Every structure is written in C-alpha cells, then in structure tokens.
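Please consult the sequence and coordinates displayed below while reading.

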Amino acid sequence: MNNKLSDNFLWGGALAAHQCEGAWNVDGKGISVSDVLAVSSHNKDRKIYRKPQNDVYFPSHKAIDFYHTYKSDLKLFKEMGFKALRVSIAWTRIYPNGDEDTPNEKGLQFYDNLFDEMNKLEIVPVVTLNHNDMPLNLVKKYGGWQNRKLIKFFVHYAKTVFSRYKGKVKYWMTFNEINHLSKVNYEILPYLSGGIYVNQIEKKNLKQVVYTSLHHQFLASALAVISAHEIDSSNMVGNMTAFIMQYSATSNPKDYLFLMQNEYKNYFCTDVQARGYYPNYAKKYFERNNINIPIKKGDLDILRKGTVDYISFSYYMSETLTTDKSLPKNKAAKGILNGVDNPYLKKSEWGWTVDPIGLRLVMNHIYDRYQKPIFIVENGLGAEDKVVNGKIHDNYRIDYLKKHIESMKEAIILDGVDCLGYLSWGPIDIVSASTGEMKKKYGYIFVDYNDQGEGTGKRIKKDSFEWYKKVIESKGVIL
Ligand code: BG6
C-alpha cells in the first residue's frame, strides 16, 4: 500500500481571530459577541455579558496577542513545515458595527499584512469569514440572524474582503460550525453562531427563531459563494460543520431509527449548503413543529446557485445514542455531546470522547453523500500541559493526533476519499472556545498565559512540535 499522501496535501493548523488575536479594541475594531463572554472552567457555561466590564476578565481581549506576534508565530509554523494555516477574519475589524457602508482601513491592512506574510512563507491561507465573532451591535440593534437584514450586511462584508484579498486568498469558508446555531441546550453556541439569547426566547418560539436564523445564514453563505466566484473564478469556498460521529448503543432497531432521526444534527446544514435545497426530512420536521421558514421569492434559486465547492468540517469526538432511558447519560461535555457513555472509548479531561476510527467513518460518510472534496479543518486534543525544566512532554497529544492521522490516511488511501488537507486545531495554544480557558491546550507550541491572561506570553516548543514536523516532512509516512 502506498503510505504517502500527495505532494499538494494541505498539512497545517487552524486558528480563529477571537481566540488568538487579542487587541480587541485596537485600530478601530468593534466589539464582537465573543468580547463579552467571560472565562469559566471545566464544562461550566460561560457567562454572557451585555457589554464589556472593568472588573471581569474577557479572554478574547488579550488572547495570545497574535495581532502583534503573528510574524514570529508564523515562523514557528513554517519551521514545522506548514503548507496551510486556517485563520479567520474578525468581521469587527472590517466593519466594527457590522452595518457600516465603508470598511475600516486599518482592519483591512492588518489582514493584508497577515496574508502577505503567509504567502511569503508559502503557507496557504484558508480563511473563515465568520468564526463565532459577529459584531455585537448586530445582535443588539437587529436581534442577530433572525433578522433578514443581516444577509445584506454579511454579503457586503464578504464582498469587501473577497475583492481586497483577491490573489492573496483562494480558500474560503463562510460560517464556522454553522450547525451549532441549533444546539439550544448549550446557550453559548446559538449566541456565538447566531446572536441568539436562548434564555430570552419563549420555549415555544425557539425552533422558529433557530431555523429562521439558519435560513438567513444559508442565503448569506450562498450569496457569498456566488460573489466569491464572480470576483475571482479560482476562489474555492467551503461550508463548515461540526461533525460528531454517531453510533447506536444497541442493535435494537428502535435505537437505529433513533440514530437516523438524529443524523440531521450532522447533515442538515451541509445538505442545504452542498446540495442547494432543503431536504425532505427537514421539510417534514418543519411541518411537524409548526416552523415556517420565511422563504421569499428568489431564495430557493440563490440556494441552488450558491452551493459550496468543498465540504469542510471539524471532528473531535463521537456520541452514542439509545432510546433506553435506563442507561446512564453521558453527562460530560454538557450540551455538546448527547446520549450515553460508550464502553469502548475513553474521554479527554474535558469529557470529549476520543475516537480515531470515527474520523475515518465520518470522512467516508461525508464524501459518499456529497461527492465533493472534503477538508478536515479542525481536529485535536484539548489537554492540560505541564512545563518541566522548560520542556513539555505531550505524548498524550501525539498519541491522539497520530491515531487520527492514521485513520484519515486509511480513509484517503484505502477508501478513496478525496481530502484536501488536515488542519489540526490550535497549533499554538489559544483560548478555548467553550470555556475561555488557556489551560485547555491543543498546541504544538506552548504559550505562557494562565486563565486570567497572566504570564509572559513566551512560546515554548512541545515534544509534539518535532513530531508534527516529521509527519509533514514525510508526507504522513512517519507517525
Ligand atoms: C470548535 C470551534 O468547536 O472547537 C473552535 O470551531 C474551538 O473555535 C474548538 O476552539 C475546540 O473547542 P474548545 O472549546 O476546546 O476550544
């Protein structure tokens, strides 16, 4: 068996602006939904504030200061041999309030500098337009994505950056983990994804708000795809969904049916964004739940025309579902994972199941279903690291990544899945999205900040740094 991945396979890592940049109010940047989210710890909800407070620590304000350190950080990525790096543009640097006509030149300039530096180092930029940091003003003034006006604002922003970075960026993604908008059991997800304050909406209206907001995001995404192609026909635009491999806990057909009924959590958004229409199972779901999707004349045509070029997704874990109420529920990873414990799988310190084979399964499922190239744009282990005599021996992280990369190779080499690349999450330690902690680390590079942002910010290479370098150098042969 050929054990090597192709020369143009995009090895690298992935970051998000609000988790790494800091400089939250520098050079004209506006306030985003992330900028008012306080830090919490282990699987507790992060508190959402209405505005920044002087006596509360908001991790996005400083993060790891990538805004100022990007040049030296990129050098470290280059040293590892990165072929690509996923970053996101902070919408609030370009349009601080989201609804302006004229962009903020200093914000545009920052990303010019960032992309120029990446291109100089031959690190391909893979850019997310919106990664959990929509302008807070759009939530306060318009009610977030349930308001159709947001489509116009988003498309205006998308066109601005497509035109400005023409020739510098080819790979784009519209909304990060768009399916998180419907995870109403975990309040921060619909808030970050759609500007929805779950607790303020009457329960009976919640589904309507969620699917109205999603309809608007689908349209915004499709219009962005259309514009990206018009502005530069070589642009490639992907969607982005959080995929969780799902299993049936038993061979009881009732469990299997239940599993099938829950698959929409993975597939619904991608079905619309990749195929260009609402699937029948969704239409029936809307009917049963009295949800009226506010489809206006021309909407369905836009969805049909604006399908994505590739399917990008995050993969961290799997969940196990059953109708048997007597089985103990998986209480870890509150609101993110459903179902029951899987006796065959271990969990991370944060309760996320570790399931490398699940990645191979997910890759096959996605590729078979859409027949478009796929792109792994997040995967990794969040773990606490200890610095011992200036070194970090993160063999647990190497073990996780190695098994997932092995599984990915099997999907590509043995099963024939067309995969553009592998971008592991947080190649340098960044703020955790779910908890705001710095101690939940994914990186090959350690960053000396604690959960309150105290520390020197010094970067230290972990053992995984050299390991990943060899993986990339050998095109995935040496693991
Ligand atoms: C994904 C997000 O959900 O998972 C990232 O796109 C996030 O922003 C990543 O950081 C890992 O989650 P966490 O909560 O461990 O940071």
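The points that follow treat the ligand site and then the aromatic side chains.

The model is predicted. The space that the ligand takes up is the largest cavity, and a search of the whole structure returns 40 aromatic pairs.

**Ligand site**

- Asn-176 places a polar side-chain atom 2.9 Å from an oxygen atom of the ligand.
- For Gln-19, the corresponding distance from a polar side-chain atom to an oxygen atom of the ligand is 2.8 Å.
- On its own the ligand has 370 Å² of accessible area, and the protein covers 95% of this area.

**Aromatic pairs and cluster**

- Among the 40 aromatic pairs is that of Tyr-191 with Tyr-197, whose ring centres are 5.6 Å apart.
- The planes of Tyr-191 and Tyr-197 make an angle of 25 degrees, so the pair counts as stacked, the cut-off being under 30 degrees.
- Both Tyr-191 and Tyr-197 are buried.
- A cluster joined by ring pairs comprises Phe-9, Trp-11, Phe-77, Phe-82, Tyr-422, Tyr-444, Trp-467 and Tyr-468.

**Charges over rings**

- Arg-369 lies over the face of Tyr-267, at a distance of 3.9 Å from the ring centre.
- Lys-441 has its charged end over the ring of Phe-446, and the distance to the ring centre is 4.4 Å.

Conventions
Residues are numbered from 1 along each chain as its sequence is written. This is a predicted model: local features need pLDDT of at least 70, side-chain atom pairs count only at pLDDT 80 or more; totals for chains, interfaces and linings use all residues. Side-chain values use heavy atoms; hydrogens and water are left out. Rings of Phe, Tyr and Trp (its six-membered ring) pair if their centres lie within 6.5 Å; planes under 30 degrees apart count as stacked, over 60 as edge-to-face and the rest as tilted. Buried means under 20% relative accessible area, exposed over 50%, partly exposed in between (1.4 Å probe, protein chains only). A charge sits over a ring if NZ of Lys or CZ of Arg is within 6 Å of the ring centre and within 35 degrees of the ring normal. A polar contact is a pair of N or O atoms within 3.5 Å; within protein, one must be able to donate a hydrogen and the other to accept it, and residues adjacent in sequence count only if both atoms are side-chain atoms. Accessible areas come from the Shrake-Rupley method with a 1.4 Å probe; for residues, only the protein chains shown count as cover. On a 1 Å grid over the protein atoms alone, a cavity is a set of points where a 1.4 Å probe fits but cannot get out, and a pocket is an open set with protein on both sides within 12 Å along at least five of seven lines; lining residues have an atom within 4 Å of a point. A molecule sits in a cavity or pocket if more than half of its atoms lie within 2 Å of its grid points.
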